[in-house]
Amino acid sequence: MAILFLTPSVNSAARWADGLRKEFEDEDIRINSGPEGDADVEFAVVWKPPPGRLAALPNLKVIFSIGAGVDHVFADPDLPKDVPIVRLINETLTTQMTEYVVMNVLWHHREMDDYAILAAAETWRHLHPPRTPDRRVGIMGLGVLGSAAGDALARFGFSLAAWTREPRDWPLGEVFSGPEGLAPFLGRTDILVCQLPLTPETTGILNARSFAALPQGAVLINAARGGHLVESDLLEALKTGRLKGATLDVFADEPLAPGHPFWSCPKVRVTPHIASLTYPDAAARTIARNIARFRAGEPLIGLVDSAREY
Ligand code: NDP
Ligand code: OXD
């Protein structure tokens with residue numbers, strides 16, 4: 001049996017090979033190998049697998065994403081229909097995302113962009129942001145990452161709400177759900193945090209209509225996927241002042257191209273898809289545990305619902 005790691009990033013392949021080999025000392029680990037030796041591949045570990053490549057593995061048993069998101073897997077039009085897909089859930093990923101969301105919510109809450117402008121003008125002035133119970137933070141997506149961020153934000157006392165697909169109870173705030181819950185959720189949100197998976201239902205959801213439903217001067221933090229955001233709508237909303245600012249970690253095209261208007265827009269804070277990093281050693285351990293579970297006939301952790309695509 002063999003494990004095949006598929007990635008377009010040659011740089012990361014070596015680190016991944018090391019991580020996987022440490023966990024699977026007796027197994028054949030292949031990196032982007034050709035189809036000749038593929039008949040014995042049982043497990044694929046992937047990031048943006050080349051379209052059609054997974055379908056060419058006749059004995060494939062499980063596809064493991066090395067990210068929490070699996071949109072890069074569903075982007076393959078020839079994806080085999082009956083092979084389970086597993087996304088990455090691990091503590092490092094969750095902790096880092098929580099750090100990123102808390103850091104950026106606090107940044108906007110305490111109006112640090114305004115202080116940067118004041119400092120550039122050598123101006124000593126106090127601003128008076130609302131206290132946390134009066135600052136309404138709204139989290140789109142209350143899954144592994146959104147709920148961990150919510151737990152952390154609750155400790156500061158923010159007024160929290162969330163938007164999910166299915167209705168549910170949440171002890172930390174009101175949960176709005178489904179398409180009909182979106183406008184009321186946005187209407188009570190000063191700081192909007194996107195933690196959704198990218199699916200056909202959520203593509204382009206951060207658009208002019210959503211921005212119009214937010215209170216004047218709201219801010220956006222997108223730490224999910226670039227495909228959630230209609231970039232031109234955000235630029236327009238920032239220009240008119242409907243939105244005060246945005247922190248963007250993800251983009252429709254990555255890396256963000258030189259000269260892209262986001263780079264130079266003073267109201268946008270750009271980070272290069274680092275909200276949460278995947279560490280090959282930790283991720284390989286998580287995948288190894290899941291392979292052991294699969295072999296023992298136990299349920300896989302992070303199994304994706306192929307119909308919902310998350
Ligand atoms: P989960 O699958 O655990 O949670 C997804 C949440 O989104 C659920 O609460 C789900 O609702 C909600 N949701 C899905 N579809 C809809 C919809 N149509 N309408 C309303 N709510 C919806 O995902 P994770 O928390 O693990 O990860 C979220 C995403 O974060 C990943 O898919 C990935 O794209 C992104 N990510 C980005 C990283 C970065 O570095 N920038 C790093 C890691 C992840 P329900 O509870 O009802 O099912
Ligand atoms: C992920 C990511 O999905 O890093 O984990 O974006």
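1. Helix 5 (144-154) and strand 7 (159-164) each contribute at least two residues to the shell around ligand 1. Helix 5 makes the greatest contribution, with 3 residues. It should be kept in mind that this is a predicted model.

2. In total, 29 residues surround ligand 1, and the closest are Arg87, Leu142, Glu166, Arg168 and Tyr310. By class, this shell divides into 13 nonpolar, 9 polar and 7 charged residues.

3. Ligand 1 lies between domain 1 (2-88 + 278-295) and domain 2 (91-270), because both domains give residues to its shell.

4. The polar contacts of ligand 1 involve both backbone and side-chain atoms. A polar backbone atom of Arg165 is 3.0 Å from a nitrogen atom of ligand 1. Oxygen atoms of the ligand are approached by polar side-chain atoms of Arg168, at 2.8 Å, and of Arg225, at 3.3 Å. Of the 940 Å² that ligand 1 exposes when taken alone, the protein buries 93%.

5. The shell of ligand 2 consists of Gly67, Ala68, Gly69, Arg225, His273 and Ser276. These residues divide into 1 nonpolar, 4 polar and 1 charged.

6. For ligand 2, a backbone N or O atom of Ala68 lies 2.6 Å from a ligand oxygen atom, and a polar backbone atom of Gly69 is 2.8 Å from an oxygen atom of the ligand. An N or O atom in the side chain of Arg225 is 2.7 Å from an oxygen atom of ligand 2. Taken alone, ligand 2 exposes 210 Å², of which the protein buries 86%.

7. Arg225 deserves attention in any discussion of both sites: its side chain has a polar atom 3.3 Å from an oxygen atom of ligand 1 and an N or O atom 2.7 Å from an oxygen atom of ligand 2.

Key
Residues numbered from 1 in each chain as written. Chains lettered and ligands numbered in written order. Predicted model: local features only at pLDDT ≥ 70, side-chain atom pairs only at ≥ 80, totals over all residues. Heavy atoms only, no water. Near = heavy atom within 4 Å. Polar contact = N/O pair within 3.5 Å; in protein donor to acceptor, adjacent residues only side chain to side chain. Areas by Shrake-Rupley, 256 points an atom, 1.4 Å probe, with all protein chains shown as cover. Helix = DSSP H or I, 4+ residues; strand = E, 2+ residues; numbered from the N terminus. Nonpolar A, V, L, I, M, F, W, Y, C, P; charged D, E, K, R; others polar. Domains from an automatic or database assignment.
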